[in-house]
Amino acid sequence: MSDQPNGDPNDAPMGPLVLNLQYTKDLSFEVPGAPEIFATLREQPRVDLQLDVQARPIQEGGNVFEVSLQIRADAQAEGKACFIAELVYCGIFTVTVPPEQLEPVLLVECPRLLFPFARNILADVTRDGGFPPVMLAPIDFVTLWQSRRGEGQVAGTA
């Protein structure tokens, strides 16, 4: 006996989270001091990272969302800029969860699925740019989301 209506596997219900599509929305890599930086660089660059997650509905009132993982890496050595890498990596997700679970799914689970791909792109672009690849450590998206909520609650009560 089949669980699907009419026994058709194509009628199977979707899971609560489906990744429909993923893509690079924006990618920028610049080496402001090239080519001199390559001749004078004597130490491993120090890389400062900024990370943000955004989510927006594709259609108002729908259950399809674009989630974007935004990463900026600024590398410096000896007081000089080595490179600036900016990546916006996105996914289109269909989310069918109760409204109270929507925010954590969009801002924790969705970026968790996108992160390994964004990490590889950033490593490749920095390596291809002539520097050691930037290998991002795993990100705790739960903590990031909770700290963001805390900032919003503090700002909302002030």
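Leu 87 counts as buried because its relative accessibility is 2%, under the 20% cut-off. The model is a predicted one. Leu 87 belongs to strand β4, which covers residues 80-95. Neighbours within four places in sequence aside, the contacts of Leu 87 are Thr 24, Asp 26, Leu 27, Leu 69, Gln 70, Ile 71, Ala 118 and Ile 121. Between Leu 87 and Arg 72, which are 15 residues apart along the chain, the C-alpha separation is 6.4 Å.

| Residue | Relative accessibility | Class |
|---|---|---|
| Leu 87 | 2% | buried |
| Cys 82 | 0% | buried |
| Cys 90 | 0% | buried |

The number of disulfides in the structure is zero.

Strand β4 is part of an open sheet of four strands, ordered β1-β4-β3-β2 and paired antiparallel. At the edges are β1 (17-30) and β2 (46-57), each of which pairs on one side only. From one strand to the next, the twist averages 15°. Strand β3, residues 64-77, runs antiparallel to β4 and is joined to β4 by 14 bridges. Gln 76 has Ala 81 of β4 standing opposite.

Helix α2 lies across β1, β2, β3 and β4. Relative to β4, helix α2 runs at about 140°.

### Aromatic pairs

An aromatic ring pair is described by two quantities, the distance between the ring centres and the angle between the ring planes. How many aromatic pairs does the structure hold? There are four aromatic pairs. In one of them, Phe 115 and Phe 141, the ring centres are 6.0 Å apart and the planes stand at 70°, so the pair is edge-to-face. The centre distance falls within the 6.5 Å limit for a pair, and the angle is over the 60 degrees required for edge-to-face.

Are Phe 115 and Phe 141 buried or exposed? Both Phe 115 and Phe 141 are buried.

Note on methods
Residues are numbered from 1 along each chain as its sequence is written. This is a predicted model: local features need pLDDT of at least 70, side-chain atom pairs count only at pLDDT 80 or more; totals for chains, interfaces and linings use all residues. Side-chain values use heavy atoms; hydrogens and water are left out. Rings of Phe, Tyr and Trp (its six-membered ring) pair if their centres lie within 6.5 Å; planes under 30 degrees apart count as stacked, over 60 as edge-to-face and the rest as tilted. Buried means under 20% relative accessible area, exposed over 50%, partly exposed in between (1.4 Å probe, protein chains only). A disulfide is a pair of cysteine sulfur atoms within 2.5 Å. Helices (H or I, at least four residues) and strands (E, at least two) are DSSP runs, numbered from the N terminus. Contact means heavy atoms within 4.5 Å. Two strands pair if DSSP finds at least two bridges between them. Axes are lines fitted to C-alpha atoms, for helices over the stretch in contact, and angles run from 0 to 180 degrees between N-to-C directions.
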